[in-house]
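Reader: Could you walk me through reading side-chain contacts in a model like this one? I'd like the rule each time, then the case.

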Amino acid sequence: MPEPEALAGAAAPPVRRPLRRDRRFLTSWSAQSVSELGDRVSELAVPLVAVTVLDASATEVGLLSAVIWLPNLVALVVGAWVDRRPRKRPLLVGADLARAVVVLTVPAAALLEVLTLAQLFVVAGLLGAWSTLFRSAWQPFFVALVRRDQYVEANSLMSATRSGSFIVGPAVGGGLVQVLTAPFALAVDGVSFLLSALLLRRVDVTETPPPVTDEDVPLRTRLAEGMRVVVRHPVLAPALRCVAWVNLFTIMVSALLVVFAARDLDLGAATIGIALGVGSAGALLGAVTAGRIAGWIGTGRTIALGTLLFTAPMALVPLASGSTLARAAVLAGVEAVSGFGVMLLDVNLNAVMAAVIPDDVRARVQGAFTTVNYGVRPLGAALGGVLAGVVGTGPTLVVGGVGGALGVLWLLRSPVIAIRSVDDLEDPNPA
């Protein structure tokens with residue numbers, strides 16, 4: 001990314017604005033904040049629409065979650081296409097607008113009393129498709145927005161906002177579901193996508209155009225190149241094996257957690273929302289301390305620690321018993337530790353990935369990573385739904401938590417565990 005305009009004089013050093021004073025970053029950060037808040041409402045409202053309005057089974061809710069992640073199986077193709085687009089910001093804006101239209105069809109159908117489970121599956125698939133495009137375009141946009149030395153700071157700030165949305169969003173979502181019913185609570189997410197699109201339109205960044213030589217490269221070659229970089233890279237390959245394994249199992253938990261809380265723990269929508277919101281304070285703490293902890297014990301070790309803390313506590317949810325307060329407290333406690341862990345993992349791994357992927361193949365490499373990493377989620381959600389129908393929702397949560405924790409084994413004895421700092425990684429882009 002070109003540095004900001006230099007001070008007067010050819011030898012003057014470039015202006016380096018802190019992120020908190022960079023208007024472009026602040027606007028992008030605001031867009032992300034608004035969208036994340038709406039997403040938290042939807043993550044609570046969508047399964048509750050299926051369970052409370054359409055009387056869906058645990059297996060059907062698991063399959064619904066699988067459909068949301070299914071489009072990630074073609075993320076590599078999407079990333080190769082995104083790499084050839086000269087500007088990524090219009091793609092982000094377009095994806096936000098499309099998601100707004102899709103999600104608003106649910107309250108509209110409910111108002112007309114024509115909402116069906118089939119429509120909910122279609123909405124889930126379309127949301128997943130447009131989200132896949134958004135994620136593919138986001139990292140190239142991100143590296144044009146911030147400097148290399150700001151990757152951890154920027155990821156930490158954005159993760160802090162995401163964590164904050166997990167505190168406020170479920171409580172707001174639970175209250176909206178209680179007052180408006182689940183379908184109409186989804187209107188909040190639709191509005192959040194519209195606001196995000198409006199804010200992103202105002203962000204002016206200098207994006208690096210794709211190489212001219214890339215225009216004549218066949219799609220198959222570009223797809224193969226993206227996957228080849230991922231599977232052969234000494235850092236990306238073990239990281240992918242770890243997070244794909246983790247996602248395969250933890251999606252079993254996330255796909256069924258609201259169902260378990262509503263049916264097995266007998267908690268109301270507002271109580272579930274408050275418990276998840278209170279628990280998400282752990283994620284906020286993890287986001288704001290991820291860089292500091294990495295400074296103490298090293299980036300690689302922080303990623304490994306985050307992997308364990310994210311996954312293992314999930315197996316404890318079925319132990320919740322006693323009064324309503326006690327059951328909600330267990331749910332909140334597990335959410336707090338797990339959220340703290342996932343932020344240690346995400347903040348540091350995202351910074352590492354931004355630092356080691358070459359700019360000219362960034363979207364297709366990110367797409368290849370996402371194809372595997374998120375592509376296992378529909379399989380995990382479907383397996384979780386089927387397993388819940390066979391052995392019950394509680395045992396399935398235990399399998400998800402214990403199985404996910406084993407993912408840390410992929411990091412041991414790999415170069416990832418030895419990474420001390422992102423600054424020590426070799427820059428893959430020529431000066």
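**Salt bridges and rings**

Author: Let's start with R99 and D96, whose side chains meet in a salt bridge (2.7 Å, N to O). The rule asks for a side-chain nitrogen of Lys or Arg within 4 Å of a carboxyl oxygen of Asp or Glu. Keep in mind that this is a predicted model, where local features need pLDDT of at least 70 and side-chain atom pairs count only at pLDDT 80 or more, while totals for chains, interfaces and linings use all residues. Residues are numbered from 1 along each chain as its sequence is written, and side-chain values use heavy atoms, with hydrogens and water left out.

Reader: Where do R99 and D96 lie?

Author: An α-helix has 3.6 residues a turn, so residues three or four places apart point the same way. Here, both R99 and D96 lie in helix α4 (residues 89-111), three residues apart, about one turn of the helix. Helices are DSSP runs (H or I, at least four residues), numbered from the N terminus.

Reader: Are R99 and D96 buried or exposed?

Author: Buried means under 20% relative accessible area, exposed over 50%, and partly exposed in between (1.4 Å probe, protein chains only). R99 is buried at 6%, and D96 is buried at 0%.

Reader: Which parts does the pair of R364 and E225 tie together?

Author: R364 forms a salt bridge with E225, with the closest N and O atoms 3.0 Å apart. R364 sits in helix α15 (residues 362-373) and E225 in helix α9 (residues 219-232), so the pair ties together parts that are 139 residues apart in sequence. R364 counts as buried at 1% relative accessibility, whereas E225 is partly exposed at 27%.

Reader: Back to R99: which ring does R99 lie over?

Author: A charge sits over a ring if NZ of Lys or CZ of Arg is within 6 Å of the ring centre and within 35 degrees of the ring normal. R99 lies over the face of F134, at 4.6 Å from the ring centre.

Reader: And how many aromatic pairs are there?

Author: Rings of Phe, Tyr and Trp (its six-membered ring) pair if their centres lie within 6.5 Å; planes under 30 degrees apart count as stacked, over 60 as edge-to-face and the rest as tilted. The count comes to six aromatic pairs by this rule. Take F134 and W138: their ring centres are 6.1 Å apart and their planes at 10°, so the pair is stacked. F134 and W138 are both buried, and together with F141 they form one aromatic cluster.

Note on methods: Helix = DSSP H or I, 4+ residues; strand = E, 2+ residues; numbered from the N terminus.
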